[in-house]
Amino acid sequence: VTKVVLDEEAGRVEVVVPDEQLSLAIGRRGQNVRLASQLTRWDIDILTEAEESERRQEEFRRRSGLFVEALDVDDMIAGLLVTEGFNTVEELAFTPVDEVAAIEGFDDSVAEELIRRAETFLTRRDTELNDKRIELGVTEEVAAFETFTPAMLVALGEKGVKTLDDLGDLASDELLEIVGAENMDEDTANAVIMAARAHWFEDDATDAAKAEAAPAEEAGHD
């Protein structure tokens, strides 16, 4: 084994081995991987060094492309941002100017301009997503949940989840499938669903109170 990468939230581990060691690591009919997974209770993926390198390069290209498009910068600047560990435009937008300026080849003016472009991109993107959310009919009550990003609200609308009742009818795994398990954990999903259902119990309490008041009113008339 040359490298191990843990994803604790997903309960998954990636194991990188030399190309010639792949079959040995997997074992006959995958028995080594199955046994290791049973013992550790983690899902295990085994990659060769060549596969891991190819995937890393593809991820680098994807992230660089994101910055090129969002910030209107060249490949070199985008590559520097990725190399320094920036994965999203959001991360750049909320990073202090001095930290961005500390990147080799950058200065305060470059850092300020990059952060300004990141903020402009996010504002434009969120405005477009909010317009899409309204077009899809997702109510303001659902949009009021701070847990949901504009992109999540659009995803909900595209799946027909538009009202508090729609949201309350979901199971936690259904909500996670819509918004992405990487964006929300199960406890948060359950809390959101229960909050969406809260008005059901309030309505039931109101109906019960009216039912109790009705006989008293009738007796008063008698």
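Biologist: Which residues of helix H4 (residues 75-83) are buried?

Modeller: They're Ile77, Ala78, Gly79, Leu81 and Val82, where buried means under 20% relative accessible area with a 1.4 Å probe, protein chains only. As a general idea, an α-helix has 3.6 residues a turn, so residues three or four places apart point the same way. One caution: this is a predicted model, with local features needing pLDDT of at least 70, side-chain atom pairs needing 80 or more, and totals for chains, interfaces and linings using all residues. Numbering starts from 1 along each chain as its sequence is written, and side-chain values use heavy atoms, leaving out hydrogens and water.

Biologist: What covers the buried residues of H4?

Modeller: The cover includes H3, helix H5 (89-93) and helix H7 (108-136); contact is heavy atoms within 4.5 Å. Helices are DSSP runs of H or I, at least four residues, and strands are runs of E, at least two.

Biologist: And what caps the N-terminal end of H4?

Modeller: That's Asp74, with a side-chain oxygen 3.2 Å from the backbone nitrogen of Met76. Just after H4, Gly85 has a positive phi of about 100 degrees.

Notes. Buried means under 20% relative accessible area, exposed over 50%, partly exposed in between (1.4 Å probe, protein chains only). A polar contact is a pair of N or O atoms within 3.5 Å; within protein, one must be able to donate a hydrogen and the other to accept it, and residues adjacent in sequence count only if both atoms are side-chain atoms.
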